[in-house]
Amino acid sequence: MLISAIVAVSENNVIGRDGHLPWRLSADLKRFKSITTGHSIILGRKNYDDIGRPLPNRTNYVLTRNAAFEAPGCIVCDSLEKAIDAAAAAGETECFIIGGAAIYELAMPLVKKMYVTRVLAQVPGDVFYPDWGEGWRMESEEQVPADEKNEYPTAYQVWTRE
């Protein structure tokens, strides 16, 4: 099973502010939905709390150390390994790490593909994407201009490593 990360990240590595996304990017949300629909997603409890519900047409694995935590419509796991193993056992071909920062950092050594929306701006924030590590190669890039539904210009990038 391929383990991928999907993230929108600013030029200064911001991915969040005050518990939310720090931008309004309608095209990126549509891209996220089209890439992840039909697959498993793995997210942290804080990210789940911000979203407030399971994302439809995806198997949602929520990571938390709180054994009493409940997320109706999701599979709650106490480790990344358990979530990955469960997704693989269910026949998943590609699971997606969708954040937040602690989950990205935990998963980065296992990630072989990243779908990055590079927000082409310095954006204030308090949550940052971790270091990627070595060996990444950009496979594709598509420029998307800002408009009335997309606050900043972006570049959709796909990165892979062996």
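Guide: Helix 1 is followed by Gly-38, whose phi is positive, near 90°. Helices here are DSSP runs of H or I with at least four residues, strands are runs of E with at least two, and both are numbered from the N terminus. The model is a predicted one, in which local features need pLDDT of at least 70 and side-chain atom pairs count only at pLDDT 80 or more, while totals for chains, interfaces and linings use all residues. Residues are numbered from 1 along each chain as its sequence is written, and side-chain values use heavy atoms, with hydrogens and water left out.

Within helix 1, which spans residues 26-36, the buried residues are Asp-28, Arg-31, Phe-32, Ile-35 and Thr-36. Viewed down the helix axis, these buried residues of helix 1 fall within an arc of 110°, so they line one face; the arc is that of the directions from the helix axis to the C-beta atoms. An α-helix has 3.6 residues a turn, so residues three or four places apart point the same way. On the face turned away from the buried side, helix 1 carries the exposed residues Lys-30 and Ser-34. Buried means under 20% relative accessible area and exposed over 50%, with partly exposed in between, using a 1.4 Å probe and protein chains only.

The partners of that buried side are strands: the buried residues of helix 1 pack against strand 1, strand 3, strand 6, strand 7 (113-119) and strand 10 (154-160), where contact means heavy atoms within 4.5 Å.

The loop between strand 2 and helix 1 holds Asp-18, which has a positive phi of about 55° although it is not a glycine. Asp-18 counts as exposed, at 59% relative accessibility. In the loop between strand 1 and strand 2, Asn-13 is likewise a non-glycine residue with a positive phi, here about 70°, and Asn-13 is partly exposed, with a relative accessible area of 31%.

Helix 1 also takes part in a pocket. The largest pocket has a volume of about 1,200 Å³, and among the elements that give two or more residues to its lining are helix 1, strand 1, strand 2 (14-16) and helix 2 (45-51). On a 1 Å grid over the protein atoms alone, a pocket is an open set of points with protein on both sides within 12 Å along at least five of seven lines, and lining residues have an atom within 4 Å of a point. Grid points are joined across faces, edges and corners, and a volume is the space filled by probe spheres set on the points.

Of the 42 residues that line the largest pocket, the closest to its centre are Lys-46, Asn-47, Ile-98, Gly-99 and Gly-100. A cis peptide bond, with omega about 0°, joins Gly-99 and Gly-100, and Gly-100 is placed in the loop between strand 6 and helix 4. By class, the lining of the largest pocket divides into 20 nonpolar, 10 polar and 12 charged residues, with Ala, Val, Leu, Ile, Met, Phe, Trp, Tyr, Cys and Pro counted as nonpolar, Asp, Glu, Lys and Arg as charged, and the others, Gly among them, as polar.

Notes
1 Å grid on protein atoms, 1.4 Å probe; cavity = no way out; pocket = protein on both sides within 12 Å on 5 of 7 lines; lining within 4 Å.
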